[in-house]
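Hi there,

I am passing a structure over to you, and I would like you to have it open while you read. Take your time with it, and then go through my notes below.

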Amino acid sequence: MISALTPSRGRPDLLERAIASLYDTASDPGNVEVLVRYDNDDLSVLEAAEVCGLNWDHPWIDIIGEPHGYTGMATYYNELAATASGDWLLIFNDDALMQTPGWDAIIESRGPGLKNLSIDNNHGRAYACFPCVPKRWFDI
């Protein structure tokens, strides 16, 4: 399984597109979990999903906590990684769109020898870096 770690703040419309792009381009969406971390002073993600009636077609796991701000991004990713159940951790932004068809199969095909994988072709920029690393690195 691959865990996409996605902090978000105040951009539920972009987050919905980001989540959909991950699942829509995956060759096995059932092997992908998306974890979303948002701040307890910004409930726009939940409000959008529950109150505004956004159509969240894909499963996702939400984690709420204290705000850390932009300089605390590492803390957000660490919180998400600690909760992840996948063998792989994909760092992914809430305003990104996955454009690589079968990206999950590419990751899985690399096996335990994979050191770092940066999926290419994101927003027209070759090799925009959304690193994917083995979860065991985080666990160690």
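Here is what I found, beginning with the whole protein and then moving to single residues.

A word on the model and its numbering: this is a predicted model, in which local features need pLDDT of at least 70 and side-chain atom pairs count only at pLDDT 80 or more, while totals for chains, interfaces and linings use all residues. Residues are numbered from 1 along each chain as its sequence is written, and side-chain values use heavy atoms, with hydrogens and water left out.

**The whole protein**

There are five helices and six strands. Both are DSSP runs numbered from the N terminus, where a helix (H or I) has at least four residues and a strand (E) at least two. Read from the N terminus, their order is β-α-β-α-β-α-β-α-β-β-α. The protein has 140 residues, and 46% of them count as buried. Buried means under 20% relative accessible area, exposed means over 50%, and partly exposed lies in between (1.4 Å probe, protein chains only). If you take the contacts (heavy atoms within 4.5 Å) between residues at least 6 apart in sequence, 73% of them join residues at least 24 apart.

**Val-32**

Now find Val-32, which belongs to strand S2, residues 32-39. Is Val-32 buried or exposed? Its relative accessible area is 5%, so Val-32 counts as buried. Beyond its neighbours within four places in sequence, Val-32 touches Ile-2, Tyr-23, Ala-26, Trp-103 and Asp-104. Met-1 is 31 residues away from Val-32 in sequence, yet their C-alpha atoms are 5.7 Å apart in space.

**Salt bridges**

Side chains of opposite charge can pair when their charged atoms come close. A salt bridge here is a side-chain nitrogen of Lys or Arg within 4 Å of a carboxyl oxygen of Asp or Glu. How many salt bridges does the structure hold? There are seven salt bridges, and three of them are worth a look.

- Asp-95 and Arg-11 form a salt bridge at 3.9 Å, N to O. Asp-95 sits in the loop between strand S4 (88-91) and helix H4 (103-109), and Arg-11 in the loop between strand S1 (2-7) and helix H1 (12-25), so the pair ties together parts that are 84 residues apart in sequence. Asp-95 is partly exposed at 36% relative accessibility, and Arg-11 is partly exposed at 32%.
- Asp-39 and Arg-37 pair at 2.9 Å, N to O. Asp-39 is buried at 3% relative accessibility, and Arg-37 is buried at 1%.
- Lys-135 and Asp-139 pair at 2.8 Å, N to O. They are four residues apart in helix H5 (residues 135-139), so about one helical turn separates them. Lys-135 is buried, with a relative accessibility of 10%.

Some salt bridges share partners, and these join Arg-9, Arg-37, Asp-39, Asp-41 and Glu-79 into one network.

**Back to Asp-95**

Enjoy exploring!

Best wishes
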